[in-house]
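The following note is intended for a colleague who is meeting this structure for the first time. It is arranged as numbered points, to be read beside the structure.

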Amino acid sequence: MTKPKQMLSKRIIPCLDVKDGRTVKGVNFVDLRDAGDPVELAAQYAQQGADELVFLDITATHERRKTMIEMVKSVARQLNIPFTIGGGITELADAEALLNAGADKISINSAAVRNPKLIEELAKAFGVQFVVLAVDTKFVDGRNMVHLNGGRLIIELETENWIKQAEDLGAGEILLTSMDHDGTKAGFDCGLLHKINQMINIPIIASGGAGNMEHFTEVFQKANVDAALAASVFHYGEILIPDLKQELNRNQIPVRI
Amino acid sequence: MIGIVNYGAGNIFSLTAALERLNVQYGMVNTESDLEKYSHIIIPGVGHAGTAMEKLKHTGLIDAIKALKKPVLGICVGMQLITEHSEEGDAALLSIVPVKTKKFDKSLNIKIPHMGWNAVNPKNNSLFEGVEDNTQFYFVHSYFIEYNPTFDIASAHYGLKFSAAIQKDNFYGVQFHPEKSGKAGEQILKNFSNLR
């Protein structure tokens, strides 16, 4: 059987963790460092050739919602590529406010675990393309387990089962972060990503473990994921996106240059 | 000046932001007389095509839109609306361009929705002036417009060949999101605003 002609590019996604309107990145989710102004960073990344951006408000609480909306508006005014907003989205009204502020997608995590019907409601109201399910997973006693609250809380829920259920409920994309790899810079969790990718028919974004350009080549070749996300390697200039795109292109991975 | 048909199908913040970055003036079309005020009309749209069509009907603008002689650009679901029919909700649409909107089939061995950057092959058309062959644009959709050589002005591949852009007379449609497609997308919006 010949493979159908398919030219869709693999996406490179810088992730900006945002706290109080500033970008931060945790190493293994603790020890936060300040890495700049999110709007300025976003414009820079678009300029460099990032395909998409993800903003995660890691300390989202109800009173911060307004700050977030203002930030989303500023980003949408400047940015000419798509972006996703995550953190603290617990109900339809949160999502709608972000949509109206110019967000292309929202990512939900804990709220969906606590109330899976939220996925269905969001998909019905705004379309599946708007709903990204973020999953933080860790290998515990021989099983891949879902973790919440930035990885601090383990849930009696197997990652594979949860993702399958979320796809059925209407998630349009999966953002899978391996807690075992996140912050290690030792490479993505290709084995798990490959396994999950085989199970689902929606795009999957690999997250956690990027340390060098070879890791990106590896995750696209071994796990055939649709996108790869990283934070610190981009924020601190350890990997420049134009270089990364050239490297991927040399390795016959379809990218937008 | 561009008039954006304001019928409640999806958010237009990104579109207006893109026009502002390009210094292209715009306003909203809510009534039939608003259509007179602008030289160019954009029909935006995200979400469900059948639902979008119902919302457009509620504006009472359908006959006036179909009668327009000025340049009209449908974006994403707005493009699908100018076709005859969508498999999404088995909906009869505006029938301005005699082509159909169909569902991507899983059997094509593709993920759905078609989400991300994909290469577009434009024909020689003013809307794509200055846009090179194989330039990538940002797509997000689960339904596509069947390729028809008469009305196609730019094609793309995702499991099969489909129309990334169509034209009939003064009516244009693009499946991708020019407001999210970087510089190439901004070129399309600029070109549209310069159409006569």
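The points below concern a predicted model and take up the annotated sites, a strand, the chain contact and the cores.

1. An unreviewed UniProt entry lists residues 4–192 of chain B under "domain: Glutamine amidotransferase". The C-alpha atoms at the ends of residues 4–192 of chain B are 13 Å apart, and the span is 25% helix and 33% strand.

2. The "active site" annotation, from an unreviewed UniProt entry, covers B:Cys76, B:His177 and B:Glu179. These residues span 104 residues in sequence, but no two of their C-alpha atoms are more than 11.0 Å apart, so they gather at one spot.

3. B:Cys76. This residue belongs to the loop between β4 and α5 (77–81) of chain B. Apart from neighbours within four places in sequence, B:Cys76 is in contact with B:Gly45, B:Val46, B:His141, B:Gln175 and B:His177.

4. B:His177. The loop between β13 and α6 of chain B holds B:His177. With 24 other C-beta atoms within 10 Å, B:His177 is buried. Residues up to four places away in sequence aside, B:His177 touches B:Ile75, B:Cys76, B:Tyr138, B:Val140 and B:Gly185.

5. Strand β13 of chain B. In a regular strand, side chains alternate between the two faces of the sheet. In β13 (residues 171–174) of chain B both faces are covered: B:Phe171 and B:Gly173 on one side, and B:Tyr172 and B:Val174 on the other, are all buried.

6. Partners of β13(B). Strand β4 (residues 72–75) of chain B pairs with β13(B) in the parallel sense over four bridges, and B:Val72 stands opposite B:Phe171. Strand β12 (residues 160–168) of chain B runs antiparallel to β13(B), joined by four bridges, with B:Ile166 opposite B:Gly173. β12(B) and β13(B) form a hairpin with two residues between them; B:Asp169 in the turn has a positive phi of about 55°.

7. Contact between the chains. Chain B contributes 29 residues to the contact and chain A contributes 30 residues. On the side of chain B that touches chain A, β8(B) gives the most, with five residues. By class, that side has 14 nonpolar, eleven polar and four charged residues.

8. Nonpolar cores. The largest nonpolar core has 78 residues, of which A:Leu133, A:Leu193, A:Ala206 and A:Ala228 touch the most other members. A second, separate core of 65 residues includes B:Ile4, B:Ala9, B:Trp117 and B:Phe151.

Notes: Residues numbered from 1 in each chain as written. Chains lettered and ligands numbered in written order. Predicted model: local features only at pLDDT ≥ 70, side-chain atom pairs only at ≥ 80, totals over all residues. Buried ≥ 20, exposed ≤ 12 C-beta atoms within 10 Å, placed from the backbone. Pairing = 2+ DSSP bridges. Core = buried A, V, L, I, M, F, W, Y, C linked by C-beta atoms within 7 Å. UniProt positions renumbered as here; feature names shortened; annotations may be inferred. Contact = placed C-beta atoms within 7 Å. Nonpolar A, V, L, I, M, F, W, Y, C, P; charged D, E, K, R; others polar.
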